[in-house]
Amino acid sequence: MTMTTTLAGRDVPHRRGSPGYTRTTLALFAAGLTTFISMYSTQALLPALAADFAVPPGTAALAVSVTTGVLALAVIPASVLSERFGRTRVMIWSAVLSCAVGLVLPLSPTIEWLLVGRVVQGVALAGIPAVAMAYLAEEVHGTDLGAAMGRYVAGTTIGGLLGRLIPSSVLDMSTWRWAMEASAVAALLLAVVMAMTMPESRFFRPKPVSWGTVTANLVLHLRNPDLRVLFALGFILMGGFVSAYNFLGFRLLAPPFDLTEAAVGAVFLLYLAGTVTAAVAGRLSDLVGRRWVLLAAVCASAVGLVVTLPDHLALVLIGMLLFTGGFFAAHSVASGWVGALATEHRAEASSLYLCAYYLGSSLAAAGAGLAFGWGGWTATVAYVGALLLAAIWLSVVMLRRVEVRRADASA
């Protein structure tokens, strides 16, 4: 049944099945695609970058971590800009600028120049993830927000997949420069789709902001113990996820697997598991509650990681499938929970979650580089496993807090 977006002459949030909901989720799906293609277009190329520039794997991995690191620092200023100039304007300009940088990155003559370009691209990219969750929380009805957030996260999973699959496919036929250029063109086309389909904000009202006001809003959210747990979860989950995928390619290219570049790139098709689980987890969280879905997702990811330990390709693929699906389900639930808990100043709450999320990608991945260099995949699994154990503990904390509040409410 088609739901209208007006009631008694006034706007109401988009409900599932309405034209506004369809356009909004399509635009945010495309936003997730273009962001993650741009962000992770270098991850599948790390072995090629290490070989071409004659640098160790840990140095090559900076082509991923510097982008996510500066993006983490830029999401809060980007959210401030969105409070003043509007959600959709900031997201569209962010897409345009990041795509422009992406088109010239393949011209980098040295690894240093490439890293500088990736820093600039990270700053430009920040506007989309900084604003997307706040935009959805404002424009979509609360009962359908989990499903809408799931679609956005699903777009990020496919974007992450294409960001690895496109360059790895081209790399098998050409150089890493052409592979990166192909990714940049794909990101640009999807940015156009996003700009053409995204509805204007109806519930956002521009307001003057100052750093004092922003700081006060950030402190307000940091004082919320539930939000603090979700921020920590974002840091840990993303840190572990990127750590595993940064060095999976190095493992599969080496004995006993000896896979080709194209075959290693095809492994990123496992991201499709995240596309499914993110959407399913979003709907399940609306139906049965976020706390159980979050805990189950994190546990599934941890089990999958352990399954990858033996040098058996089938087990590695099965384990990474479970690891990937669990991660994206957990992220979908956690990010949607932030929007639900932050009933005011949502942009700042979303930016804090994403700041922690992408700092995890940058800082934790740097630690994984040391682990991989010291003990290969086994040490990397131990490192990521420790992070996931912390995530399980935090998920249990959230579960207990919700149950305590329910008990108090019924007393």
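Predicted model: local features only at pLDDT ≥ 70, side-chain atom pairs only at ≥ 80, totals over all residues.
The domain assignment divides the chain into domain 1, residues 13-199, and domain 2, residues 210-410. Between the C-alpha centres of the two domains there are 18 Å. The domains also touch: 48 residues of domain 1 are in contact with 44 residues of domain 2.

The largest nonpolar core has 138 residues. Those that touch the most other members are Leu-28, Leu-49, Phe-241, Tyr-245, Met-320, Phe-323 and Tyr-358. Helix α16, which covers residues 346-410, supplies 24 residues, the largest share of this core. Because domain 1 and domain 2 both give residues to the core, it lies between them. Residues up to four places away in sequence aside, Met-320 touches Ala-244, Tyr-245, Leu-248, Leu-270, Gly-304, Thr-308 and Trp-377.

A pair of packed helices comes next. Two packed helices are described by the angle between their axes and the distance between the axes. For helix α8 (residues 145-171) and helix α13 (residues 271-288), the angle is about 170° and the axes are 8 Å apart. An angle over 145 degrees counts as roughly antiparallel, and so α8 is roughly antiparallel to α13. On the α8 side the contact includes Gly-146, Ala-147, Gly-150, Arg-151, Val-153 and Ala-154. On the α13 side it includes Tyr-271, Leu-272, Gly-274, Thr-275, Ala-278 and Ala-279. The residues of this contact divide into 9 nonpolar, 8 polar and 4 charged.

Helix α8 also holds Pro-167. With a relative accessible area of 0%, Pro-167 is buried. Apart from its neighbours within four places in sequence, Pro-167 is in contact with Ser-41, Leu-45, Leu-162, Ala-179 and Ser-183. Val-288 lies 121 residues from Pro-167 in sequence, and the C-alpha atoms of the two are 39 Å apart in space.

Helix α2 runs over residues 46-53. Since 6 of its 8 residues are buried, α2 is largely enclosed by the rest of the structure. The buried residues are Leu-46, Pro-47, Ala-48, Leu-49, Ala-50 and Phe-53. What follows α2 is Ala-54, which sits in the loop between α2 and α3 (57-60). In contrast to the buried residues of α2, Ala-54 is exposed, with a relative accessible area of 69%.

Most residues other than glycine have a negative phi, and most peptide bonds are trans. The phi of Ala-54 is positive, near 55°, in a residue other than glycine. A positive phi near 55° is also found in Asp-258. Asp-258 belongs to the loop between α11 and α12 and is partly exposed, with a relative accessible area of 48%. The loop between α11 (225-253) and α12 (261-267) is also the place of Pro-256. Pro-255 and Pro-256 are joined by a cis peptide bond, with omega at about 5°.

Two buried residues in other helices remain. His-221 is part of helix α10, residues 211-222. Is His-221 buried or exposed? His-221 is buried, and its relative accessible area is 4%. Neighbours within four places in sequence left aside, the contacts of His-221 are Leu-227, Phe-231, Ala-342, Glu-344, His-345, Glu-348, Ala-349 and Leu-352.

Gly-336 is in helix α15, which spans residues 313-341. Gly-336 is buried, with a relative accessible area of 6%. Which residues does Gly-336 contact, leaving aside its neighbours within four places in sequence? They are Met-149 and Arg-290. Between the C-alpha atoms of Gly-336 and Ala-134, which are 202 residues apart along the chain, the separation is 9.9 Å.

Note on methods
Residues numbered from 1 in each chain as written. Heavy atoms only, no water. Core = buried A, V, L, I, M, F, W, Y, C linked by side-chain atoms within 4.5 Å. Buried < 20%, exposed > 50% of the residue type's maximum accessible area, 1.4 Å probe, protein only. Helix = DSSP H or I, 4+ residues; strand = E, 2+ residues; numbered from the N terminus. Domains from an automatic or database assignment. Contact = heavy atoms within 4.5 Å. Axes fitted to C-alpha atoms, helices over the stretch in contact; angles between N-to-C directions. Parallel < 35°, antiparallel > 145°, perpendicular 65-115°, else oblique. Nonpolar A, V, L, I, M, F, W, Y, C, P; charged D, E, K, R; others polar.
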